[in-house]
Amino acid sequence: GVIFFGTSIFSAEEAIELLEADGIIVDAMRPRAFPFGKAFRDFVDSHDRIFVIEQNRDAQFRSLLMIELDINPNKLKKVLQYNGM
């Protein structure tokens, strides 16, 4: 699974389309509110690995997921890009 939000929306959607063109289907979710709702929790629980795309050097959203949902950190893979590219 892939989770993305904020200003990473358009680049994440483009990457998902490029992966699909190569035959790689990705299940994605864009959270829009906090605290996380049941649908968000169900999405996270239904995947063995979640790629968290965010533009924060310290991966704060990933940390929030671990704290609020008590998720094993090994399940959450950081995809960080915060240099403007």
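User: Happy to look at this with you! In which loop is Ser 46 found?

Analyst: This is a predicted model, so local features need pLDDT of at least 70 and side-chain atom pairs count only at pLDDT 80 or more, while totals for chains, interfaces and linings use all residues. Residues are numbered from 1 along each chain as its sequence is written, and side-chain values use heavy atoms, with hydrogens and water left out. Helices (H or I, at least four residues) and strands (E, at least two) are DSSP runs, numbered from the N terminus. With those elements in place, Ser 46 sits in the loop between α2 and β3.

User: Thanks! Is Ser 46 buried or exposed?

Analyst: Buried means under 20% relative accessible area, exposed over 50%, and partly exposed in between (1.4 Å probe, protein chains only). Because Ser 46 has 53% relative accessibility, Ser 46 counts as exposed.

User: And is Ser 8 buried or exposed?

Analyst: Ser 8 is also a loop residue, found between β1 (2-3) and α1 (9-21). Its relative accessibility is 2%, so Ser 8 counts as buried.

User: Which residues is Ser 8 in contact with, leaving aside neighbours within four places in sequence?

Analyst: Contact here means heavy atoms within 4.5 Å. With those sequence neighbours set aside, the partners of Ser 8 are Ile 53 and Gln 55.

User: Nice! What is the C-alpha to C-alpha distance in space between Ser 46 and Gly 1?

Analyst: Along the sequence, Ser 46 and Gly 1 are 45 residues apart. In space, C-alpha to C-alpha, the separation of Ser 46 and Gly 1 is 8.7 Å.
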